[in-house]
Amino acid sequence: MNSNFDIIIVGGGAAGFFTAINIVEKKPKLKVAILERGNEVLQKVRISGGGRCNVTHACFEPNELVKFYPRGEKELRGPFHQFCSGDTIEWFEKHGVALKIEEDGRMFPVSNSSQTIIDCFLKATQKLGITVLTGQSVQSIFSPEVSGESVWKIDTQNQQFICEKLVMATGSNPKIWEMLQQKGHAVVSPVPSLFTFNIKDSRIKELPGVSAQVSVKVKDTKLNSTGPLLITHWGMSGPAILKLSAWGARILHDKNYQFTIFVNWLNDIETSEAEKILKDLKQEHAKKTVSKKSPFEITNRLWESLVLASGISTETKWADLSKTQLQNLAKQLTNATFQVNGKSTFKEEFVTAGGIDLKEINFKTMESKLHENLYFAGEIVNIDAITGGFNFQNAWTSGFILANGIS
């Protein structure tokens, strides 16, 4: 049984739905179908942002927004001038979903539920007559030059579909990448992009849940970042670590996730300055116990752990600190060395660096430069961002640009 459509979108995720809705809103007469391999659509939307869906980020200047993309910065500049975060807010408001900005700039639906986004998309596809088919795992793709006709043919495990224009919005899918490689497309090999660092170290073993504003560097590289760091049961996480993992995706993969980091728990205070502050504290608090209270903006628990790691007992008074102990403490505070052995990734937030080579895509339309009427949206291409709503923004922007290109 053949099913004929004007446009078929492979992938029932954020990019696929946004693309389909925008196409039919612009050209209501087009017959559009979304093919999803799973039994349910929009699964990543459902679990993203802890079930709240981090829709976008409150960064409204395209030239600033592109800086959050380790891969795709140059290519997204033009598209973001057409559809940026502000346009995303407006689009969702027009479709009945109000968004709110949190302190760190992340934007969520006011409802605090990803279901609101899912309902919005499902309602729109229903209203516009877009066909949504689940359980359709693509087995093969036949381009017009292969079929000898001016159409694309897509075989799933139980059906053949025919369309004039084919949109690939499958995210990080090795099987689909392989099919596209067979069509001549180059695929940049995928590596994990957002992950936490596995660290076993006595200084942080008893401190899961403790966070601090830090700066972090990776030894023997130019990789560095600042921001909140969260100590976890398995090591370190939080924005400072996730930023490093995104920007260093390839470098850290090549190191087999075995490397050394330097953590400055005082963020922007250098070792020499910390030493001077500690000397002043030694004078001021001579009779007080060093480990009792943190004099810096780090928790007492973390402070005590770093004091002990500096060879200072819990009973030592400030007046009794030796020069070496003081220097050790300054170093633990501003240049603590940790050995990373492996990474942890969470399936629901899983992002990869890799995908269709950006040189093979026309970013004015998201059309393939190798095949006419073949388009890409979302994470299937070699674009990824740090955490904070930026990967979704790429999905919305590419879907909007693509819909404009097709219309």
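**Entry 1. Overall figures**

I began with the surface: the protein exposes about 18200 Å², and carbon and sulfur atoms supply 49% of that area. I note at the outset that this is a predicted model. I then looked up the extent of the C-alpha trace, which spans about 85 × 40 × 35 Å along its principal axes. The secondary structure comes to 14 helices and 21 strands. Of the 407 residues in the protein, 55% are buried. I also checked the sequence separation of contacts: among those between residues at least 6 apart, 73% join residues at least 24 apart.

**Entry 2. The seven-stranded sheet**

I traced an open sheet of seven strands and recorded the order S16-S15-S12-S13-S14-S11-S17, with antiparallel pairing. Strand S16 (336-341) and strand S17 (343-344) stand at the edges; each has a single partner strand, so one side of each is left without a neighbour in the sheet.

I next followed the pairing of S16 with strand S15 (residues 258-264). The two run antiparallel and are joined by six bridges. Within this pairing, Val263 has Ala336 in S16 as its bridge partner. Helix H13 (residues 323-334) lies across S15 and S16 and runs at about 110° to S15.

**Entry 3. Asp201**

I located Asp201 in the loop between strand S11 (196-198) and S12. Is Asp201 buried or exposed? Its relative accessibility is 19%, and the cut-off for buried is under 20%, so Asp201 counts as buried. Leaving aside neighbours within four places in sequence, I found Asp201 in contact with Thr337 and Phe338.

Most residues other than glycine have a negative phi. Asp220 has a positive phi, near 65°. Asp220 belongs to the loop between S12 and S13, and it counts as exposed because its relative accessibility is 71%.

Asn256 likewise has a positive phi, near 55°. I placed Asn256 in the loop between helix H10 (249-254) and S15. With a relative accessible area of 54%, Asn256 is exposed.

**Entry 4. Helix H12 and its surroundings**

I listed the buried residues of helix H12 (residues 300-309) and found Leu302, Trp303, Ser305, Leu306 and Val307. Against which elements do the buried residues of H12 pack? They pack against strand S12 (211-218), strand S13 (224-231), helix H11 (271-284) and H13. H13 is also the helix that I recorded lying across S15 and S16. Just after H12, Gly311 takes a positive phi of about 80°.

**Entry 5. Ala240**

I found Ala240 in helix H9 (residues 239-247). Ala240 has 0% relative accessibility and therefore counts as buried. Not counting residues up to four places away in sequence, Ala240 touches Val214, Val216, Ser225, Thr226, Gly227 and Pro228. For comparison of sequence and space, I checked Ala240 against Gln325: they are 85 residues apart in sequence and 29 Å apart, C-alpha to C-alpha.

**Entry 6. Helices H1 and H6**

I turned to the packing of helix H1 (residues 14-26) with helix H6 (residues 114-128). The angle between them is about 35°, and their axes are 10 Å apart. The crossing of H1 past H6 is left-handed.

Which residues meet in this contact? On the H1 side I noted Ala14, Phe17, Phe18, Ile21, Val24 and Glu25; on the H6 side, Phe121, Leu122, Ala124, Thr125 and Leu128. By class, the contact has nine nonpolar, one polar and one charged residues.

His57 stands opposite Arg106 in S5.

Methods:
Residues are numbered from 1 along each chain as its sequence is written. This is a predicted model: local features need pLDDT of at least 70, side-chain atom pairs count only at pLDDT 80 or more; totals for chains, interfaces and linings use all residues. Side-chain values use heavy atoms; hydrogens and water are left out. Helices (H or I, at least four residues) and strands (E, at least two) are DSSP runs, numbered from the N terminus. Buried means under 20% relative accessible area, exposed over 50%, partly exposed in between (1.4 Å probe, protein chains only). Contact means heavy atoms within 4.5 Å. Two strands pair if DSSP finds at least two bridges between them. Axes are lines fitted to C-alpha atoms, for helices over the stretch in contact, and angles run from 0 to 180 degrees between N-to-C directions. A crossing is left-handed if the near helix is turned anticlockwise from the far one by less than a right angle, and right-handed if clockwise. Ala, Val, Leu, Ile, Met, Phe, Trp, Tyr, Cys and Pro count as nonpolar, Asp, Glu, Lys and Arg as charged, and the others, Gly among them, as polar. Accessible areas come from the Shrake-Rupley method with a 1.4 Å probe; for residues, only the protein chains shown count as cover.
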